[in-house]
Amino acid sequence: MAPGFQRREGVLGCDGVSLEEAAVRFGTPLYLYSKAALVAAYTAYDRAFDPVPHRICYALKANGSGALLRILAGLGAGADIVSGFELEAALRAGFPPKLIVFSGVGKTTDEIARGLDAGIGEFNAESEEELGRISAAASARGRTVGVTLRVNPDIDPKSHAYISTGLRQNKFGVDIALAPDILRRARNLPGLAIAGVQCHIGSQITDLEPMEQAVRDLVALSNRLLADGFPLRVIDIGGGLGVDYEGGTTLQPAALAARLVPHLEGLPLTVLVEPGRSIVGAAGALLTRVLYLKENRGKQFVIVDAGLNDLLRPALYSAFHRVEPVVSRGGETRRVDVVGPVCETGDFLARDRNLERVQPGDLLAVRDTGAYGFVMSSNYNMRPRAAEALVDDGGLRLIRRRETFEDLTRTEV
Ligand SMILES: Cc1ncc(COP(=O)(O)O)c(C=O)c1O
């Protein structure tokens with residue numbers, strides 16, 4: 001049986017551990033993760049790209065919790081980071097600096113300096129101006145650093161507008177047609193070793209065609225640069241593989257690799273892959289208790305103790321997550337909105353959803369919330385951020401305690 005969250009005899013569990021026990025021990029809302037599912041997802045990527053020299057750089061933005069990062073670092077993963085503190089988190093978790101690639105459209109001078117001092121593998125630059133900034137910082141230190149250039153191929157990933165990143169109207173990367181000229185100029189800058197080109201067209205991608213097109217374009221550009229004598233050593237194809245939030249069959253890394261590897265084989269380059277969501281998304285669930293049931297002129301509401309401050313995705317992207325009673329009693333379903341306690345009409349986890357009859361005190365699981373869940377949580381309405389726990393080899397342990405009032409006010413001056 002696949003590791004992670006499974007229902008047996010009507011009860012949803014995680015690798016043999018009771019979700020009710022986790023909720024009682026650590027309270028709700030609680031993010032719960034399966035170590036076995038995390039390991040399986042990473043390993044599937046590593047194996048899938050075996051036919052080519054590769055480095056799987058886990059995108060920390062999907063979930064930066066230390067316990068999960070340590071597991072991935074222990075498996076030999078690299079890291080894709082987008083901020084100075086993600087760099088600190090990656091280093092603290094034990095990712096070797098040389099396996100870290102620093103992405104992001106707005107790196108500050110301080111962040112660039114910290115990356116240089118840490119000795120990271122590559123900066124993934126997103127503009128010509130940034131290349132100049134990295135060059136100045138590197139040469140001031142008497143150093144040479146690897147840089148990749150993120151290109152924008154103007155390809156529609158057929159995903160949500162907010163998470164499309166490879167269209168010309170998106171802020172990411174430089175026009176792919178301009179990349180050779182930009183790199184020709186950058187070649188003369190001190191402190192830069194042009195290591196390759198990068199492309200990431202978006203997230204939650206379920207159609208492989210746009211990804212294949214982007215990789216084709218990236219390979220063509222890499223070959224042109226190699227022919228021009230650039231000493232490239234990597235080709236960074238980004239992340240973006242989606243999760244089937246409806247609970248069907250999720251596209252596996254093997255299917256992605258089957259489409260992409262034929263284009264990448266034979267290149268004298270190491271392939272960097274930057275998956276986030278597809279590594280950690282299905283490995284996590286948000287556990288929440290029903291507080292109240294309420295009816296408003298025929299409209300049914302299930303009010304739970306997790307809100308948009310805990311899980312922003314439904315409000316931000318109208319994202320769909322399965323919401324399921326942990327203990328299924330069967331019987332008829334009712335059409336309900338599952339809503340949180342936050343004072344916003346947009347505070348819902350599910351809308352117009354058929355849900356079995358539930359009662360106050362029942363435990364619900366919001367599925368596939370391992371990625372872009374906890375990391376996007378906030379203290380809105382002065383709500384503490386949730387606790388996080390890990391199921392590890394049949395055991396259950398807290399990996400982040402729930403915040404206290406003192407935590408929320410600690411930085412006030
Ligand atoms: C540069 C880059 N790499 C990797 C990722 C990870 O994407 P995903 O979580 O969809 O795999 C992102 C996400 O937006 C990104 O911007």
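Two strands are taken to pair if DSSP finds at least two bridges between them. Helices (H or I, at least four residues) and strands (E, at least two) are DSSP runs, numbered from the N terminus.

The structure is a predicted model, in which local features need pLDDT of at least 70, side-chain atom pairs count only at pLDDT 80 or more, and totals for chains, interfaces and linings use all residues. Residues are numbered from 1 along each chain as its sequence is written, and side-chain values use heavy atoms, with hydrogens and water left out.

**View 1. An open sheet of 3 strands, in the order S1-S2-S3.** The pairing in this sheet is antiparallel. Strand S1 (5-8) and strand S3 (17-18) stand at the edges with a single partner strand each, so one side of each has no neighbour in the sheet. Between S1 and S2 there are 4 bridges, and glutamine 6 stands opposite glycine 13 in S2. Strand S2 (residues 11-14) is joined to S3 by 2 bridges, and these strands run antiparallel. In this second pairing, cysteine 14 stands opposite valine 17 in S3. S1 and S2 form a hairpin with 2 residues between them, and glutamate 9 in the turn has a positive phi of about 50°.

**View 2. The cis peptide bond from threonine 28 to proline 29.** Omega of this bond is near -5°. Proline 29 is placed in the loop between helix H1 (19-26) and strand S4 (30-34). Its relative accessible area is 7%, and proline 29 is therefore buried (under 20% relative accessible area; exposed is over 50% and partly exposed in between, with a 1.4 Å probe and protein chains only). Apart from neighbours within four places in sequence, proline 29 is in contact (heavy atoms within 4.5 Å) with residues including Leu286, Asp305, Arg383 and Arg402. Proline 29 and arginine 289 are 260 residues apart in sequence, yet 7.3 Å apart in space, C-alpha to C-alpha.

**View 3. Glutamate 111, a buried residue without a salt bridge.** Glutamate 111 belongs to helix H5 (residues 109-118). A salt bridge is a side-chain nitrogen of Lys or Arg within 4 Å of a carboxyl oxygen of Asp or Glu. For charge, Lys and Arg count as positive and Asp and Glu as negative, while His and the chain ends are not counted. The nearest side chain of opposite charge to glutamate 111 is lysine 107, 8.0 Å away. With neighbours within four places in sequence left aside, the contacts of glutamate 111 are Ser83, Gly84, Phe102 and Gly106.

View 4. An N or O atom in the side chain of serine 203 is 2.3 Å from an oxygen atom of the ligand. For histidine 200, a side-chain N or O atom is 3.4 Å from an oxygen atom of the ligand. Glycine 276 has a backbone N or O atom 2.9 Å from an oxygen atom of the ligand.

**View 5. Aspartate 154, with a positive phi in a residue other than glycine.** Its phi is near 55°. Aspartate 154 is placed in the loop between strand S9 (145-152) and strand S10 (174-175). Aspartate 154 has 33% relative accessibility and so counts as partly exposed.

Terms used. Polar contact = N/O pair within 3.5 Å; in protein donor to acceptor, adjacent residues only side chain to side chain.
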